[in-house]
Amino acid sequence: MKDGDCSSASGSGKSTLLRCLNFLEKREGGRISIRREEISPETHNINNVRQTVGLEDKANVYPSKLSGGQKQRVAIARSLAMKPDIMLFDEPTSALDPQLVGEVLATMKELADEGMTMVVVTHEMGFAREVADWIVLMDDGRIIERNRPSEFFDHPKEQRIKEFLQVTILK
């Protein structure tokens, strides 16, 4: 998956999914593969894996006087300096003023255009539709639908997704 998007309500498991991908939480099932190689704490040094894919646990953003959008873009640049194979984004625009959201989304779109593999938890449906290769909707820790953006938005399979899209698009 070049770009992934997990879109659904709070408490559905999106952030937990990102924490599992980064081995900050133990997964209850499934597999985590990078470049078709299954990764697990039993077979890999997870700290080495994190350094290779740029998933350090916490990074301090400096200088602190930057705007929210600038801070997000600096954080993205700092992560890119590690030459990651994959970047994980957990609601990268949630704490931003509306005018700053566009700056961060434009930066992320550039990354997608350059072929960066990203897993993005977002409620920015227009961005997801434009940039994602795959859309995943989660509810109660389970994947309800995984589909290409055109199918997800234009021909959702589940009633729950139709309702989600109506509420999200009407906002």
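A salt bridge is a side-chain nitrogen of Lys or Arg within 4 Å of a carboxyl oxygen of Asp or Glu. The model is predicted, so local features need pLDDT of at least 70, side-chain atom pairs count only at pLDDT 80 or more, and totals for chains, interfaces and linings use all residues. Residues are numbered from 1 along each chain as its sequence is written, and side-chain values use heavy atoms, with hydrogens and water left out.

Me: By this rule, what does the count of salt bridges come to?
Reply: Side chains of opposite charge can pair when their charged atoms come close. Under the rule stated above, the number of salt bridges is 4.

Me: How many residues apart are Asp113 and Lys109 in helix H4?
Reply: Their side chains meet in a salt bridge at 3.3 Å, N to O. Asp113 is exposed, with a relative accessible area of 57%, and Lys109 is partly exposed at 27% (buried means under 20% relative accessible area, exposed over 50%, partly exposed in between, with a 1.4 Å probe and protein chains only). Helices (H or I, at least four residues) and strands (E, at least two) are DSSP runs, numbered from the N terminus. About one helical turn separates the two residues, their spacing in H4 being 4 residues.

Me: Which residue is linked with Lys109 and Asp113 in a network of salt bridges?
Reply: The Lys109 and Asp113 side chains meet in a salt bridge. The network that holds both of them also includes Glu130.

Me: Asp139 and Arg160 meet in a salt bridge; what is the N to O distance?
Reply: Asp139 is partly exposed at 30% relative accessible area, and Arg160 is partly exposed at 26%. The N to O distance of this salt bridge is 3.7 Å.

Me: Why is E5 largely enclosed by the rest of the structure?
Reply: E5 runs parallel to E4, with 5 bridges joining them (two strands pair if DSSP finds at least two bridges between them). E5 is largely enclosed because the buried share of its 5 residues is 4.
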